Amino acid sequence: MTAAKTTQTPAEAAGSANLSPREVEKLYKTQAQDPAYTGAPAEPRFFLSEEAEDELGGKRMVLNMGPQHPATHGTLRVLLELEGEKIVRADTEIGYLHTGFEKLAEYMTYHQWVTVTDRMNYMSAINNNVGYALAVEELLQVEVPRRAQVLRVILCEVSRLADHILCCGLQGMDMGAFSLMLWSFERREKIYDIIEAVCGARLTTSYTRIGGIFRDVPEDFPQLIKKLLEEFPRFLDEFEEMAIGNRILEDRLRGTGRIPPQDAVSWGLTGPILRASGVPYDVRKARPYLGYDRYEFDVPTQADGDSWARLMQRLAECRQSLRIIEQALADLPDGPVCVENKKIALPDKAEVFDNIESLIHHFKLIMFGHGTAPPRGAETYYATEAPNGELGFYIVADGDMIPYKIRVRPPSIYNYAIFTKLICGGLVSDAVAVLSSLNVIAGELDR
Amino acid sequence: MTPEEILQSLAGRFGDKVASGKSPGNGRVFAVVDREHVRPILAHLRDDPALAMDMLSDVTVVDHLRLEDPLVRERFAVVYQLYSLRHNHRFQVKARVPQDDPSAPSVFDLWKSALWGEREAYDMYGVEFEGNPDMRRLLMPEDYPGFPLRKDYPLRGRGERDSFPQYRPPRGAT
Amino acid sequence: MGIEKIFGQSLITTSVNAVVSWARKNALWPMPFGTACCAIEMMATLSGRYDLSRFGAEVIRFSPRQSDLMIVSGRISIKMMPVLIKIYEQMPEPKWVISMGACASSGGVFDTYTLVQGVDQFLPVHVYIPGCPPRPESLIDALLKIQEIAV
């Protein structure tokens with residue numbers, strides 16, 4: 001790196017770590033004037049045309065929608081080259097939230113990495129958990145018990161509802177319809193109540209384990225789900241009335257960001273964006289997992305492929321998810337929630353403290369050198385349908401309980417790659433409309 | 001078509017350029033090719049009407065520094081995950097890339113999703129893709145000195161997280 | 001304080017100071033610097049059920065020039081840190097910082113090559129909120145603590 005390194009924090013330089021916040025602030029104010037506090041932020045090369053570079057006679061202006069911006073879609077940077085209000089060229093920069101999940105995977109065991117999967121698509125954490133668990137179970141060739149499968153389906157669909165309505169609410173908020181976002185969050189709170197009753201956490205659930213799920217649901221779980229099934233369709237009706245009846249929302253969203261179906265397939269788009277362009281590809285129908293082929297649901301598509309179609313698509317998919325939840329709840333069998341194979345699944349905590357065999361199995365799974373180990377050289381690419389699209393996990397094993405490589409195929413990155421092509425030729429306000437309709441989640445994009 | 005059938009049709013067409021790999025345990029099969037033959041083979045996978053792989057789901061790289069693989073004799077293997085919407089089948093192709101010349105041909109003109117997939121593979125592993133019009137880093141800062149996901153790069157980095165560029169206020173400002 | 005500059009020595013400003021700081025602490029305008037999962041919990045705190053505007057923090061300004069409380073929520077990578085510092089320095093005095101969540105306070109679960117292990121290495125933080133993500137009640141508690149120390 002070309003920047004000068006400041007070797008101490010100002011507090012250390014002042015000789016004490018016990019300064020009050022006011023005194024620490026004074027240090028920072030002087031640091032800004034300190035010539036040692038240097039180093040220019042590296043400006044990446046962007047593909048700007050010569051007209052923009054020529055400042056004297058150029059008609060073009062470069063606008064930076066920086067990584068911190070009012071749209072709540074995470075840390076993306078978009079550089080727009082404008083002629084008036086029309087966008088002539090655009091470029092984007094991501095990576096402001098890159099955390100190195102895939103590198104962490106090479107240092108954590110299969111069981112430990114479940115907690116990391118929550119933090120990717122944090123709107124619907126359970127889908128990530130389930131996708132990862134399914135990929136590892138395919139590697140180990142183990143099938144989870146039926147009750148665990150149905151519970152995973154129910155919670156995946158509940159999570160999908162949460163993600164879709166939040167995306168629609170944020171789409172409304174970006175267009176100025178702030179009430180839609182408040183309604184979405186209120187509905188999400190009710191979904192959080194269910195998820196909290198099941199696994200204890202609202203957002204970052206870590207609910208699945210390799211071989212099953214964390215623990216069984218409480219006794220009033222069917223009642224909670226039935227209440228959701230009663231209230232949600234009414235909420236969807238009200239939401240649609242607000243959204244479709246809103247003339248401004250429709251005018252701003254219709255016609256912007258149109259993606260023709262051949263482009264959508266070539267750019268690798270999946271999920272509601274692909275289906276809103278007319279291509280009926282849904283991983284749950286194409287490659288059914290967790291028993292999705294036992295449930296009857298449609299795959300809605302829209303014809304237009306613009307932002308309005310994506311909004312309508314997500315609302316239509318919410319209704320299909322409700323159908324799946326209803327059928328799955330009726331289908332819920334009794335039984336264990338974790339596979340019995342003690343080489344793979346962690347035993348129940350109560351048994352670990354009572355039973356010597358469970359204690360030994362627990363020990364062997366946690367201590368290094370033993371544990372859940374797929375054969376050396378085994379690899380798999382397993383795709384599930386996350387709310388944003390096809391979430392794939394490519395796992396390479398090397399015979400140890402720590403994976404050799406885990407690659408996450410996030411739907412957001414391929415959905416976002418097309419963004420700069422979509423907004424060229426449009427207005428700046430359309431760029432915001434298109435961005436909010438793509439549902440880019442920065443945690444998943446950057447990992 | 002199952003992956004075995006796809007592999008057979010590829011082997012029938014391309015002969016010994018296509019090696020057949022199999023994953024122990026779950027029995028997945030995939031093709032392993034040299035990087036010189038990647039483009040014709042992938043173009044055939046896309047254009048042949050019986051195969052019709054019209055979507056490139058993912059591009060990634062496996063660093064085989066600590067996992068010797070007899071089929072992939074080199075250090076890097078570029079992995080392409082292909083999917084066909086028309087026939088609903090998936091296939092995986094691996095391309096060998098040697099360590100001293102880490103570059104591979106780009107498939108951007110076949111599938112546009114390769115644009116960012118290959119950018120990320122370059123960013124994380126240092127494998128350059130010739131023919132990709134936008135070969136810049138994607139996730140790391142532009143002047144980052146290392147390739148993070150390589151096996152010889154430590155988890156906590158080599159001090160980059162303590163010495164990134166600081167903010168310098170513009171001239172004249174306090 | 002700016003008030004004293006106007007009136008100088010001829011006026012006792014303690015009571016005015018008390019009034020001004022009472023007004024300031026009960027109407028803190030937060031600037032949410034939300035990056036990841038904690039941002040969703042922050043948005044949930046600002047929404048209907050856990051309403052942060054009860055405590056005065058209603059006006060959420062994404063412009064740093066018009067805010068006085070920065071809530072750093074989410075993991076901060078080395079690419080984002082210069083941006084965070086730039087925005088912090090654009091905020092006018094007096095300003096306070098809440099570091100929400102484990103990743104902003106100390107790096108959290110992620111001790112990797114690209115994550116800053118705690119924003120307090122580069123910003124003065126007044127209140128740390130542990131949790132991954134912290135519950136909205138924790139954020140409300142943090143705001144009340146800021147109100148106690150805000151002068």
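Analyst: A:Asp282 is a buried residue, at 3% relative accessibility (buried is under 20% relative accessible area, exposed over 50% and partly exposed in between, with a 1.4 Å probe and protein chains only). Its side chain meets that of A:Arg275 in a salt bridge, at 3.9 Å from N to O; the term stands for a side-chain nitrogen of Lys or Arg within 4 Å of a carboxyl oxygen of Asp or Glu. A:Arg275 is buried too, with a relative accessible area of 1%.

Please keep in mind that this is a predicted model, where local features need pLDDT of at least 70 and side-chain atom pairs count only at pLDDT 80 or more, while totals for chains, interfaces and linings use all residues. Residues are numbered from 1 along each chain as its sequence is written, chains are lettered from A and ligands numbered from 1 in the order in which they are written, and side-chain values use heavy atoms, with hydrogens and water left out.

Helices (H or I, at least four residues) and strands (E, at least two) are DSSP runs, numbered from the N terminus. B:Arg39 counts as partly exposed, at 30% relative accessibility.

Back in chain A, A:Asp282 and A:Arg275 belong to one network, in which salt bridges that share partners also join A:Glu157, A:Arg160, A:Arg284, A:Glu317 and A:Glu385.

Over all chains, the search finds 51 salt bridges. One of interest links A:Arg152 with A:Glu137, at 2.9 Å from N to O. A:Arg152 lies in helix H7 of chain A and A:Glu137 in helix H6 (residues 125-140) of chain A, so the pair ties together parts that are 15 residues apart in sequence. A:Arg152 and A:Glu137 are both buried.

Now for the interface of chain A and chain B. Here 65 residues of chain A are in contact with 63 residues of chain B, contact meaning heavy atoms within 4.5 Å. The area buried between the two chains is about 5,700 Å², with 56% given by carbon and sulfur atoms; buried area is the accessible area (1.4 Å probe) that two parts lose on being put together, summed over both. The rule finds seven salt bridges across this interface. B:Arg90 forms a salt bridge with A:Glu390, with the closest N and O atoms 3.6 Å apart. On the side of chain A that touches chain B, strand E6 (residues 376-386) of chain A gives the most, with seven residues.

Chain B also meets chain C, with 17 residues of chain B in contact with 15 residues of chain C. These chains bury about 1,400 Å² between them, 65% of it on carbon and sulfur atoms. The salt bridge count here is one, and B:Arg156 and C:Asp111 form a salt bridge at 2.5 Å, N to O.

Within chain C, C:Ser73 has its place in strand E2 (residues 69-73) and is buried, with a relative accessible area of 0%. Beyond its neighbours within four places in sequence, C:Ser73 is in contact with residues including C:Phe33, C:Cys38, C:Met42 and C:Met100. C:Ile129, in strand E4 (residues 127-129) of chain C, is buried at 3%. Not counting residues up to four places away in sequence, C:Ile129 touches C:Met100 as well, and among its other partners are C:Ile98, C:Pro134 and C:Leu139.

To return to where we began, chain A comes to 20 helices and eight strands. Of its 447 residues, 61% count as buried.
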